[in-house]
Amino acid sequence: MTDKLWGGRFTEKAAHWVDAFGASIGFDQQMAKEDLEGSLAHVKMLGQTGIIPQADADKITAGLHHLQKELAAGKLHFTVENEDIHLNMEALLTAEIGPVAGKLHTARSRNDQVATDLHLWLKHRLPEIKEALTNLQTVLVGQARAYADTIMPGYTHMQHAQPITYGHYLLAYFEMFQRDWERFDFTQKHTDILPLGAAALAGTTFPIDRTQVAKELGFDQLYHNSLDAVSDRDFGLEFLSNSAILMQHLSRMAEELILWSTFEFNYIELGDDFSTGSSIMPQKKNPDFAELIRGKTGRVYGALMGLLTTMKAIPLAYNKDMQEDKEPIFDTYNTILGSLHIFTGMLSDLTVHEKRMAEATTHDFSNATELADYLATKGVPFRQAHAIVGELVLKGIKSGTALQDMPLSELQQAAPQIESDVYAELTAKAAVNRRTSLGGTAVSNVLKEVARDEKIIAAH
Ligand code: ARG
């Protein structure tokens, strides 16, 4: 027998470096609080069902409460020899109350224990993520209202396409973050399931009361198959998948903010707090934080790919491979929460160069569709109208004249249906405000969507 908690059938003690490789205490101590919470619920049930004497349950409960206090005070000392948070806690409890501590593991395995800890850990944190998303959405909606009529170029293929408003642009991201919010909300359902009671893999012979434990820990559901209970990491994968999609959204917007704060675009300026200088070039103001969020996206994608790959060929039920689930989940939680906070701050703190944005729509021929639509409403088949305007654009590019600056005679030469009322339709403002189709960029639409989005936020 060795001195490990499971050392009965062992005769040889492993070298420290071997223990270190197998140990998870370096990272799973982040679940220390949840481990104690789970143990407290378990021992309460063991006492109440008479599986262990109530007096023993009371001693264990008092010991666990003491450990909770020590943990909060940062006084608990974990060791690699004790492998993981579960065995470390048991060793600490034993040191505290003696061999009666050994009764805590009745009708329980580390397999259902670790699954319970991880469910609890994520269950406690999902609301934080949703709240951080709500804060970001609140800033987006507030700014969308403020910039509902701020004209800017809309792009496809990074080429000027048609004018839109900055408010409309911001609400596009509101929609994406709303879907993110809903995904995290849904993952709560798959996280809110109690594995404890599955024991090692097959359930237990002891007359446990899983419903009581679920109630005690605030779980909504119970796993109904013991093999699934200890083997399921879907909830973690969902969390990582949601996070990867969220980071994609943050990264795309970060990319735009980086681009738009360049000398060439100059549409926005990031606040000093969310920029950095250069150690050599005194003029520099670098969008480091936006870049870092874009960069961290790769790390979150990696976490998802990593855990998907880890899980892909694991036969039922528990296998040690699954110890690899925690680091990507913990790291991703920190990454997305930090990214959301920084992004929200960065957005609140940026200056919008409205004049510059509007100017960018005046000589870019982004009103060409307006002219084609104008001709179409005058009965010219759209294909023909498209060709006529295309030729006018080509002429305009050569002579450096925008469509709205061409004399009526020149326009009429291209298409006699054109009358002087055309000029009013060729402004970016007109182009924007005519797009009143549901979801279109018209200012009145944007304001309607702002009102709708405010209600969505209020219902979070
Ligand atoms: N540290 C382990 C993990 O994170 C706990 C479960 C260990 N179970 C076992 N049978 N070795 O997965």
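Two residues are in contact if their C-beta atoms, placed from the backbone, lie within 7 Å. Helices (H or I, at least four residues) and strands (E, at least two) are DSSP runs, numbered from the N terminus. The structure is a predicted model, in which local features need pLDDT of at least 70, side-chain atom pairs count only at pLDDT 80 or more, and totals for chains, interfaces and linings use all residues. Residues are numbered from 1 along each chain as its sequence is written.

**Exercise 1. Val-389 and its partners**

Task: Determine whether Val-389 is buried or exposed, and identify what it is in contact with beyond its neighbours within four places in sequence.

Solution. 
Step 1. Val-389 belongs to helix H15 (residues 382-399).
Step 2. Val-389 counts as buried because it has 26 C-beta neighbours inside 10 Å.
Step 3. Apart from neighbours within four places in sequence, Val-389 is in contact with Ala-368, Leu-371 and Ala-372.
Step 4. Ala-372 is 17 residues from Val-389 along the chain, and their C-alpha atoms are separated by 6.2 Å.

**Exercise 2. Trp-181 and its partners**

Task: Carry out the corresponding analysis for Trp-181.

Solution. 
Step 1. Trp-181 is located in helix H7 (residues 166-191).
Step 2. Since 23 C-beta neighbours lie inside 10 Å, Trp-181 counts as buried.
Step 3. When neighbours within four places in sequence are set aside, Trp-181 is in contact with Lys-130, Leu-133, Thr-134 and His-460.
Step 4. Gln-54 is 127 residues from Trp-181 along the chain, and the C-alpha atoms of the two are separated by 44 Å.

**Exercise 3. The packing of H3 and H5**

Task: Describe how H3 and H5 pack, and which residues make the contact.

Solution. 
Step 1. Axes are lines fitted to C-alpha atoms, for helices over the stretch in contact, and angles run from 0 to 180 degrees between N-to-C directions.
Step 2. Helix H3 (residues 32-48) packs against helix H5 (residues 85-97) at an angle of about 65°, and the axes are 10 Å apart.
Step 3. H3 contributes Ala-32, Asp-35, Leu-36 and Ser-39 to the contact, while H5 contributes Ile-85, His-86 and Met-89.
Step 4. These residues comprise four nonpolar, two polar and one charged. Here Ala, Val, Leu, Ile, Met, Phe, Trp, Tyr, Cys and Pro count as nonpolar, Asp, Glu, Lys and Arg as charged, and the others, Gly among them, as polar.

**Exercise 4. Backbone exceptions**

Task: Locate Glu-83, Asn-266 and Ala-317, and describe the backbone at each.

Solution. 
Step 1. Most residues other than glycine have a negative phi, and most peptide bonds are trans.
Step 2. Glu-83 is in the loop between helix H4 (54-72) and H5, and its phi is positive, near 65°. Glu-83 counts as buried because 23 C-beta neighbours lie inside 10 Å.
Step 3. Asn-266 is in the loop between helix H10 (234-260) and strand E5 (268-269), with a positive phi near 55°. Asn-266 is partly exposed, as 13 other C-beta atoms lie within 10 Å.
Step 4. Ala-317 is in the loop between helix H11 (288-311) and helix H12 (326-348). The peptide bond from Leu-316 to Ala-317 is cis, with omega near 5°.

**Exercise 5. The chain as a whole**

Solution. 
Step 1. The protein chain contains 19 helices and six strands.
Step 2. The C-alpha trace spans about 100 × 50 × 40 Å along its principal axes.
Step 3. Buried residues make up 39% of the 460 residues.

Definitions and conventions: Buried ≥ 20, exposed ≤ 12 C-beta atoms within 10 Å, placed from the backbone.
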